[in-house]
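Student: Please take a close look at one part of this model and say what it packs against. I would like one connected account that also places this part in its surroundings.

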Amino acid sequence: MTDPDVVTEPVAKDPRPEGSRGGWRVVAAKELADHLYSGRFIVLLGVLGIATAAAVFAASGGIRDIAPDAEGITALFLKLFTVTVDPVPFPLIIFVSFLAPLLGIMFGFDSVNGERAQGTLPRLLSQPIHRDEVILGKFVAGISVIAVMLTALVLFVAGIGIFRLGVTPSLQEITRLFVWLILAVVYVAFWQGLATLVSVRTSRAATSALVPVGIWLVLALFGSFIFGAVAGLISPDDGTDAGVLANARAQQAVSQISPINLFEQGSTVLLDPEVRATGLLTLEQVDRAVLSELNLAQSLGIVWPQMVFLIAMTAAMFALAYVSFMKQEVRA
Amino acid sequence: MPSAIRTVGLTKRYDEVAVVKGLDLDIEAGEVFGLLGPNGAGKTTTILMLLGLTEPTAGSMKVLGLDPRRHPLEVKRRVGYLPDAVGFYDDLTGRQNLKFTARLNQIEDPQTRVDELLAQVGLEYAADQPAGEYSRGMKQRLGLADALVKEPSILILDEPTTAIDPEGVAEILDLIRELAVQEGVTVLLSSHLLNQVQAVCDRVAIFVGGEVIAQGRPHDLAAEQVGHARVEFRFDDDAEVALRRLEEIETVDDVIHGRVPGSWIATLDIGTLPATVNRLVSIGSQLTGVRRVDEDLDAIYRRYFEGEEVSA
């Protein structure tokens with residue numbers, strides 16, 4: 001820099017100092033607009049809206065039928081999310097846990113290799129922003145869209161519920177819903193992170209869409225077989241009472257690796273105050289237990305490990321995607 | 001003239017394969033510098049290193065006095081880059097694409113800047129069309145505007161004329177020349193097309209296999225070839241007859257096909273050219289044109305790419 005022969009532009013003259021970090025906002029704003037105007041968002045919104053409406057109408061009808069006999073049920077409102085009523089074959093929370101991976105994958109699978117395919121990556125990276133701001137902006141945009149969609153879904157359900165049931169949610173129920181919403185966003189973000197990681201590592205969008213979908217299907221359909229087999233290796237079922245119990249506990253522990261299980265357990269406990277455990281309860285443990293509803297703090301106490309683990313897994317996915325993108329050659 | 005870009009012993013290896021080998025470049029502020037070489041010569045890798053987008057394995061470099069490794073943002077703020085096969089967000093319009101770049105560069109009034117640039121590259125008419133509908137040439141022009149958004153001191157253009165029709169090429173080259181002269185922008189242009197580099201560049205480095213094999217003003221480089229000259233003769237005669245007559249002349253060493261049918265390029269001692277022409281006329285050749293061809297870099301280029309396709 002002291003070479004008198006070389007043109008030197010004084011760094012201090014520039015009003016925008018090195019280290020200025022605002023580029024991720026520009027990237028996020030653009031990505032957000034892209035998502036909101038994209039066909040896939042509109043299709044998703046439509047599917048989500050129709051399915052939710054169907055589920056919630058069925059559920060609210062079912063609840064209305066049993067409501068006269070259900071004097072003691074305090075968390076009636078939350079039943080909207082957890083009750084299964086014909087002809088819709090699943091409660092809303094199952095529907096969300098089923099759809100969430102798709103949502104996350106959709107907003108992440110082509111985030112980096114899409115730029116590569118269009119030839120925009122070298123141009124983008126030659127702008128005066130840090131490389132991490134590119135991927136950060138994409139994460140933020142994806143999570144924002146997901147959060148908005150899920151919040152809209154919950155409000156939609158709540159609105160129909162209030163209208164059809166005439167029951168207003170209690171503060172406790174609203175808080176439970178809110179915590180569940182955060183958990184759901186984290187869960188979707190896990191899949192977005194996974195899809196982004198794959199999109200950094202592969203060059204074709206088709207591949208990076210199929211890999212996370214494959215992982216999801218394997219976990220969802222064959223998860224219990226796999227976890228059962230692994231549990232059998234760790235703690236074989238030898239036929240004795242203790243053996244059976246140990247095997248079941250091992251299976252329970254191993255299955256916590258799957259984000260699907262983590263989210264489903266978390267949802268069940270958070271939205272159903274009557275659920276008092278995620279794992280196994282022996283007969284001795286439930287013997288003479290007083291059946292009562294748990295308060296929010298107690299429910300949170302039960303699912304705390306699941307929630308923390310899910311957040312950690314999501315953070316790990318993002319970190320892996322991030323590191324992998326930072327280390328990558330521009331012309332990979 | 002002070003240097004805008006200077007590299008010393010710049011080297012890049014991928015898995016032990018050296019792509020750029022000890023490159024020494026010295027590009028003066030305000031000049032148009034051509035990096036001429038075939039595909040795979042290491043031109044793009046060199047450019048990426050100058051922009052701080054790829055880490056060199058060895059060597060040092062200064063871009064506007066800054067080391068791109070330590071001050072990548074400062075360098076990127078001042079260097080406009082048109083990548084090889086530039087791409088845009090297909091769903092956004094040309095104007096939206098440029099505005100995005102303007103925002104990333106924290107340009108104060110993106111609207112005005114973008115409008116100016118669109119006018120400068122002659123794309124106003126298509127500004128509100130999705131970039132996905134642009135032709136290759138339009139994308140290239142948009143790319144040039146995109147590289148100019150930040151009002152750069154240095155413009156790095158990687159193969160700016162590939163896949164464009166000849167008319168478009170001339171326009172782009174004019175535009176580049178204009179920028180260099182009017183705005184005083186230093187231009188580093190990479191290309192595998194000799195005549196284009198020659199048309200716009202003040203100085204040229206011929207870059208093959210990761211090494212610079214010749215560097216200087218196009219004219220000076222050609223002058224290294226004193227003695228033997230290559231001359232193109234055009235005839236009105238039958239091509240075979242003309243060839244036979246040329247080969248009969250003692251002063252002519254070697255004859256190859258010219259650029260158009262019926263023309264032949266002969267190697268001869270430059271001092272014997274008048275005599276050779278006289279001789280051709282006296283034996284009855286219908287000579288319609290005589291032109292030295294190694295006043296351009298053709299000779300040098302061909303010498304190094306013998307057997308390779310030279311699309312001049």
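**A helix and its surroundings**

Tutor: Of the 332 residues in chain A, 37% are buried, where buried means that 20 or more other C-beta atoms lie within 10 Å of a residue's own, exposed means 12 or fewer, and partly exposed is in between, with C-beta atoms placed from the backbone. This is a predicted model, in which local features need pLDDT of at least 70, side-chain atom pairs count only at pLDDT 80 or more, and totals for chains, interfaces and linings use all residues. Residues are numbered from 1 along each chain as its sequence is written, and chains are lettered from A and ligands numbered from 1 in the order in which they are written.

Chain A has 13 helices and zero strands; helices (H or I, at least four residues) and strands (E, at least two) are DSSP runs, numbered from the N terminus. Among contacts in chain A between residues at least 6 apart in sequence, 80% join residues at least 24 apart. Two residues are in contact here if their C-beta atoms, placed from the backbone, lie within 7 Å.

The part to look at is helix H8 of chain A, which covers residues 171-201. Two packed helices are described by the angle between their axes and the distance between the axes. For H8(A) and helix H7 of chain A (residues 131-165), the angle is about 140 degrees and the axes are 9 Å apart. The axes are lines fitted to C-alpha atoms, for helices over the stretch in contact, and angles run from 0 to 180 degrees between N-to-C directions. H7(A) and H8(A) are therefore oblique to each other: angles under 35 degrees count as roughly parallel, over 145 as roughly antiparallel, 65 to 115 as roughly perpendicular, and the rest as oblique. The crossing of H7(A) and H8(A) is right-handed; a crossing is right-handed if the near helix is turned clockwise from the far one by less than a right angle, and left-handed if anticlockwise.

Which residues make this contact? On the H7(A) side they are Lys138(A), Gly142(A), Ile143(A), Ile146(A), Ala147(A), Leu150(A), Thr151(A) and Val154(A). They meet Leu177(A), Leu181(A), Ala184(A), Val185(A), Val188(A), Ala189(A), Gln192(A) and Thr196(A) in H8(A). By class, the residues of this contact are 11 nonpolar, four polar and one charged; Ala, Val, Leu, Ile, Met, Phe, Trp, Tyr, Cys and Pro count as nonpolar, Asp, Glu, Lys and Arg as charged, and the others, Gly among them, as polar.

H8(A) also packs with helix H13 of chain A (residues 296-326): their axes come within 8 Å and cross at roughly 20 degrees. That makes H8(A) roughly parallel to H13(A), and their crossing is left-handed. The residues of the contact of H8(A) with H13(A) are 18 nonpolar, six polar and two charged.

Ile146(A), not counting residues up to four places away in sequence, touches Leu103(A), Gly104(A), Phe107(A), Val185(A), Val188(A), Ala189(A) and Gln192(A).

Chain B itself has 11 helices and 13 strands. Buried residues make up 47% of the 312 residues in chain B.
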